[in-house]
Amino acid sequence: MAVSISQVSFEHHRIPLGIGEVNPRLSWRFEGSFPDWTQSGYTIEVSQHTNPSQVDLFHYLNTSHSVLVPWPTVSLASAQSATVRVRAYGANDQPDTPWSDAVSVETGLLTQDDWLQTLMIAADKETEENAPHQPVLFRKEFSVSSPIEKARLYITAYGLYEAYINGKRVGTSVLAPGWQSYKHRIIYDTYDVTDLVVNGDNAFGVLVGEGWWSGRLGFGSGTRNNWGDTLGVMALLVITSNGAQHIIQTDTTWKAGTGPMVTSELYNGEVYDSRLEQPGWSAPGFQVSDSWIGVKELEAPYSQLSAPDGPPIRRIEEVELQSVLTSPTGKTILDWGQNLVGWLRLSVSGPEGTTITLVHAEVLENGDIATRPLRNASQTDHFTLSGNGVQVWEPTFTYHGFRYVQVDGWPVETPLDGDAITAIVVHSDMEQTGSFECSDPLINKLHKNIQWSMKGNFMSVPTDCPQRDERLGWTGDSHAFAPTANFLYDTSGFWRGWLKDFQSEQVEGAPPLVIPGVPATGPPVAVAVWGDAIVANPYNAFRSSADLDALREQYTGSKVYLDSGIPRNSAGLWDRASYQLGDWLDPLAPPNDAGRATTGAYYVADAYLVYVTGLLAQMASALGLEDEKDRYEEMTSDLRVAFREAWVTDGLVANETQTGLVLPIYFDIFENEDEATAAASRLHDIIEANDYLIGTGFAGTHLIGPTLSKMNLTDTFYKMLLQRSVPSWLYQVEMNATTTWERWDSMLPDGSLNPSDMTSFNHYAVGSVGAWMYQTIGGLAIAEPGWKTVKINAIPGGDITWAKSSYLSPYGQVSTEWEVNEHGFRLLVEVPPNTFAEVTLPKGGSQRVGSGSHEFLDTGFRLR
C-alpha cells in the first residue's frame, strides 16, 4: 500500500533532450493504492551538470500540485543539462514517497548565436524542375585526438534527413524532422551521439530526401516545391574531448553525391537501385569519386528554428505477414490482416538487376488490389537487387497506407514468406494512455479500429488519410476526433506543436482548411467546424492536460478567429455568402457531393458559432481573464437568441434531422428545458424511424452519443451503436474493416467500392464515437482539467454485460471494471494517489472517493 513516484517528466516531452524551454515545468506520476492519499508538499532535488558537486534542494509545503509545477531554480542556458529527483509528502499521517529515479533534462540551442554560423548547405547543382527530387548524400570527415567525453548533434533539413556517424545510424526517428508550417517553424532535433564519435578518424554523413518540404502535395496534380525547391541540411556536431569543444558543422567544405535512392516520394513511393550503392559513404576512409560534387550555401532558417514540442515519428511495431494470395488475374498479393501505415522490410536475395515492385493498397476489389481510391498516389516501391547475397531493405522517405501489397518480380531464389517480408508500422511516438474492453467482440474490434486509424494518421500532423494523394492536416477531422485521441494517447506535445502552426497560418483571423496549408485547398478562409478547431482543439487539450501555458499560447489565435476571422451578417451569425462544408459526409449525401447534407450548412455553422464562443468564454475564465470571459458569455447569449430567431419556430428547428436536433440540444441553444426535452423526444423518434441507423456527418457524429446521454436517452444510442446494417459503426466491422472508414459505406454490402473518387478506408473522424464509448461504457471522463478529479459513471446498455477501461493520467492510472449478472451491478475502481473520483451508479447515487481500490454494488440493477 505504499505510494511511490513512477515517472518524472518535463513539459510534455517523452525524452527531454534538446528541449526549447529554459524553465521546464515538472510533473510526476504516482503508483500505489494507499487509501485517500493526498500530497501535502514536495521536495525537488536539482543537480546542474555544469557543477555536479552542487546539489540543490527546494522544499514546497502545503501544496498538492504535482502536474506542470514551476522549475524551481535558475533558468537553464543553451545546451545545459540538469538531473532532477522528486519526493512527495503525504498529508497528515500518510506515508511519504521515496525519492523518484533521477531524470536528466537538457536544453537545445536557444539562440541564433548558439548555432555558431552553421550553414544550410545543398548540392552545388541545378535542381530538378517539375519532377521528384533525387535524395542527396552529404559527407564530411574529421578527426578527434583525445577520448570523447560528450557529443551532441543538432540537425534539421530542407526536406527529410537520416544522419550517420562512422557508418552508424543516428537516433531512431524516421521522416525527421517531420512536417511543420515551414514558413513559420522548422524543427531541429538533438541527439546524444557520444557513443558514435571515436578518438581518431570519423565521418559524418547525412541523407536528405524531399519529404513534405518540396515533394508533391495535394489532390489532383498537386503542387511541388511548396516551401522550397532545393534539398538542404544544416547540422552542428559539438564534441567535448579533453575538456575542450570540437565543432563540426555544415559548411562549404562538405561534399555531396547521389546513391541508390533514385526517387523517394511521399505519395508515389521509392525507387531504389542497390547496384548504385556506395558502401562506406558515411564512414572514414571512403574514396570520394568524381561523381561527388561540392556544396553551396542556402539561406539558413534561423528565425524559424524551433525545438520540438511533440515526439518524432518512429518505427513503433512490426506486423507479420498473414497470407500469400493469388488473385483471379494471377497476381501475387500479400495480406497483413491489418490496414496499417508504414512500409515493408525485405530480406531477399536474387540475381543482379532483378527489380521487385510493391504496390500497396487498403482493400481488394474482385480479388485484386483496389488502386482507384489512391487517385494520383501510386504507393509503389521498386527495389532492384545487386546480386550480392541477402539484402535487407526498407524505404526511407515515403510511407504507405495498406493492408495488401501486390508483388511483382520476386526472385525464385527467396521464398516469399514471413521470413522475407515484414510490415513496419510508423507514427508519432506518443505514449499510449487509454485502454478499453467489453463483453461485445464487435465493439472491441471497433475500438481497435479506432486506435489503428489514429496511429495511421498522427504522423507529425493529424492527417485525414494515409494513402491517397492527400494526407493533409484537415482541421475539421481533428476537431471531431480530438477527445477520443486525447484518451487513447498523450497528445499534449503533439497538439501543442501543431496548434502553433494553426495560429501562425491565420490570415486576418481566418485559418486554412488544412494545417500546414497547401495550395490544393486554397487560401485561408473561415469555415465552420473546420476553422472552429482553433477554439475547440485548444479547449479539449486543456481539459486533458490542464496546461495553462499552452492554453494561453493558443488563446490569442482562438480570440482573433472569433473577433475578426468570421464573416458575419447583421445578427452576428455567419454571412450567408460564406463558404461552408456543413455536415460533411452525411450518409444521404450523393457519392460525389459530400457536402450536400440533409442539414443546412449555415444552420450547422451558426450552431457551432454559439458553441465555440461559449468555449472561448470558458478558456478566458481558466486564464483569469474575467472581463473577456464576461464579454464572450454575453456574446454567446446573444448568439443563442439570434440562432433561435433565425432557425427555431415554436420550438421546432428548421432542420429536423439527427444533426439538426443534436446541435441545439448539445449546445444548449433552446430557450428552456421543456423545448430541449421535446427536441430530444423528436430526435429519438427520428432515430427510431430510421431503424436506429446513423444519419449524421462530420458535424454531428461525434456529438450524437453525448447528446442522447445528456438527455437520458443512452439506451437509444446503444441501439444505434450496436446496429450492423449500413450506415452504422458495426457495419464497417462486419465488412472486415480493421480501421475506421471515411464514408459510412466506403465499401458497399456486395463488397464493391463506393463509386466516389473520395473513398478512404483509414479516416479517424467516424471513430470519434470512441469518446462516448470510453466515457459511457468504460465509465471514465474528465471532471476537472488534467484528470485531477475523475468522473466515473459507467452506464450499462445493449447486451454488454461487462467492461473495463483505464487511463494513464498525469497523476497515475485510473481504471474501472464492471459487470452485470444475476446478482446485480458490481463496479471496481482504482484511483491514483493525489486525485479524487466522483462515482455515480447506474440507478443513481453518487459518492466522492479518494485514491485506492473501491468496490460498489447495486444488487437491484438489471439490464433491460
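**Figure 1. The largest pocket of the predicted model.** Sorted by class, the lining of the largest pocket contains 21 nonpolar, 16 polar and five charged residues.

**Figure 2. The packing of helix H9 against helix H11.** Two packed helices are described by the angle between their axes and by the distance between those axes. For helix H9 (residues 658-666) and helix H11 (residues 698-710), the angle is about 60 degrees and the axes lie 9 Å apart. H9 and H11 are therefore oblique to each other. The crossing in which H9 passes H11 is left-handed. On the H9 side, the contact involves Gln658, Thr659, Val662, Leu663, Ile665 and Tyr666; on the H11 side, these residues meet Ala699, Gly700, Leu703, Ile704, Pro706, Thr707 and Lys710. The contact of H9 with H11 comprises eight nonpolar, four polar and one charged residues.

**Figure 3. The packing of helix H3 against helix H5.** The axes of H3 and H5 come within 9 Å of each other and cross at roughly 10 degrees. That angle makes H3 roughly parallel to H5.

**Figure 4. The packing of helix H2 against helix H3.** How are H2 and H3 oriented, roughly parallel or roughly perpendicular? The axes of helix H2 (residues 441-457) and H3 come within 11 Å and cross at roughly 95 degrees. H2 is therefore roughly perpendicular to H3. His447, Ile450, Gln451 and Met454 of H2 meet Phe481, Thr484, Ala485 and Leu488 of H3. The contact of H2 with H3 is made up of five nonpolar and three polar residues, with no charged residue.

**Figure 5. The largest cavity.** Rolling a probe the size of a water molecule over the atoms shows where empty space is left. The structure holds six cavities of 30 Å³ or more. The largest cavity has a volume of about 100 Å³. Its lining consists of Ala122, Ala123, Lys125, Thr127, Glu128, His133, Gln134, Val136, Thr230, Leu231 and Lys296. By class, these lining residues of the largest cavity are four nonpolar, four polar and three charged.

**Figure 6. The second largest cavity.** The volume of the second largest cavity is about 80 Å³. Its lining is formed by His12, Ser492, Trp495, Arg496, Pro538, Ala541, Phe542, Ser545, Asp547, Ala550, Leu551 and Gln554. Which helices each supply at least two residues of this lining? They are helix H4 (492-504), H5 and helix H6 (548-565). H5 gives the largest share of the lining, four residues. The lining of the second largest cavity includes six nonpolar, four polar and two charged residues.

**Figure 7. Two cis peptide bonds.** The peptide bond from Ile515 to Pro516 is cis, and its omega is near -5 degrees. Pro516 is placed in the loop between H4 and H5. A cis peptide bond also runs from Val726 to Pro727, with omega near 0 degrees. Pro727 is placed in the loop between helix H12 (714-721) and helix H13 (729-734).

**Figure 8. The backbone at Leu116.** Although Leu116 is not a glycine, its phi is positive, at about 55 degrees. Leu116 is found in the loop that lies between strand E7 (103-107) and strand E8 (120-123).

Methods. Residues are numbered from 1 along each chain as its sequence is written. This is a predicted model: local features need pLDDT of at least 70, side-chain atom pairs count only at pLDDT 80 or more; totals for chains, interfaces and linings use all residues. Side-chain values use heavy atoms; hydrogens and water are left out. Axes are lines fitted to C-alpha atoms, for helices over the stretch in contact, and angles run from 0 to 180 degrees between N-to-C directions. Angles under 35 degrees count as roughly parallel, over 145 as roughly antiparallel, 65 to 115 as roughly perpendicular and the rest as oblique. A crossing is left-handed if the near helix is turned anticlockwise from the far one by less than a right angle, and right-handed if clockwise. Contact means heavy atoms within 4.5 Å. Ala, Val, Leu, Ile, Met, Phe, Trp, Tyr, Cys and Pro count as nonpolar, Asp, Glu, Lys and Arg as charged, and the others, Gly among them, as polar. On a 1 Å grid over the protein atoms alone, a cavity is a set of points where a 1.4 Å probe fits but cannot get out, and a pocket is an open set with protein on both sides within 12 Å along at least five of seven lines; lining residues have an atom within 4 Å of a point. Grid points are joined across faces, edges and corners, and a volume is the space filled by probe spheres set on the points.
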